[in-house]
Amino acid sequence: MDFVPDNTVNKLILLYVLDKMEIPLTENSILEICSSQNNWVNWMDCKDLLSQLLASKFVYKPNTDNNENRYNITVAGRECLSQFYTRIPASLREKISVFAQENKMQFKRNQEYVAKSYKNEDGSYTVELNILEPLTTESIFSLSIKSDTRHNATTACKRWRELAANIYEYVYSKIIDN
């Protein structure tokens, strides 16, 4: 027989995911983690339960400048989780912990290292690369470069997620920490 959790357990699962990921997550990231990739919580339930956790102040959404809301666990959410986490089956807690360990940096990069490109009137492409502050999603580093081809622009956007931290560190050390 499959385990069919109730809403209380599903709320605890969401809190556990937020706790283990250790970073504020967008709604889309939460849905991807809990529903699309792992099927821990039904997609529609996940959206509804996230609203309920927000209303009960177990999670919060920091104010952001770019309308991309991120959710994070509150102190009250952590206290609740510490009291009732055992209601989540141990095997599921282990799966969530392993998933968080293996995927945390990928989600961090996807949310904080943002790249986009657009075509200019002259046929070239402009690539905008940003590093966003995790809680406010305010840009802490921005770089705009021009590319001759769409292929190069697309490649730059893809590589940004892997290289952003190193590029930022290098620029910061050369300009600020000199």
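Predicted model: local features only at pLDDT ≥ 70, side-chain atom pairs only at ≥ 80, totals over all residues.

Me: What is Ile33 in contact with, leaving aside neighbours within four places in sequence?
Reply: Val17, Met21, Leu25, Asn38, Trp40, Phe99 and Phe107. Contact means heavy atoms within 4.5 Å.

Me: Which residues touch the most other members of the largest nonpolar core?
Reply: Ile13, Val17, Leu25, Ile30, Ile33, Cys34 and Trp40, out of 32 residues. A nonpolar core is a set of buried Ala, Val, Leu, Ile, Met, Phe, Trp, Tyr and Cys residues joined through side-chain atoms within 4.5 Å. Buried means under 20% relative accessible area, exposed over 50%, partly exposed in between (1.4 Å probe, protein chains only).

Me: Where does the largest share of this core come from?
Reply: From α1, with nine residues. Helices (H or I, at least four residues) and strands (E, at least two) are DSSP runs, numbered from the N terminus.

Me: What does a second core include?
Reply: Tyr113, Tyr125, Val127 and Cys157 are among its ten residues, and it is separate.

Me: Switching to helix packing. How do the axes of α1 and α3 cross?
Reply: At roughly 80 degrees, coming within 10 Å. Axes are lines fitted to C-alpha atoms, for helices over the stretch in contact, and angles run from 0 to 180 degrees between N-to-C directions. So α1 is roughly perpendicular to α3 (under 35 degrees is roughly parallel, over 145 roughly antiparallel, 65 to 115 roughly perpendicular, the rest oblique).

Me: Which residues meet there?
Reply: Asn7, Asn10, Lys11, Leu14 and Leu15 in α1 meet Cys46, Leu49, Leu50, Gln52 and Leu53 in α3.

Me: Now rings. How many aromatic pairs are there?
Reply: Five. Rings of Phe, Tyr and Trp (its six-membered ring) pair if their centres lie within 6.5 Å; planes under 30 degrees apart count as stacked, over 60 as edge-to-face and the rest as tilted. Phe99 and Phe107 form a tilted pair, 6.2 Å centre to centre with 55 degrees between the planes.

Me: Is Phe107 buried or exposed?
Reply: Buried, with a relative accessible area of 1%. Phe99 is buried too, at 10%.

Me: And which residues do ring pairs link into a cluster?
Reply: Phe141, Trp160, Tyr168 and Tyr172.

Technical notes
Residues numbered from 1 in each chain as written. Heavy atoms only, no water.
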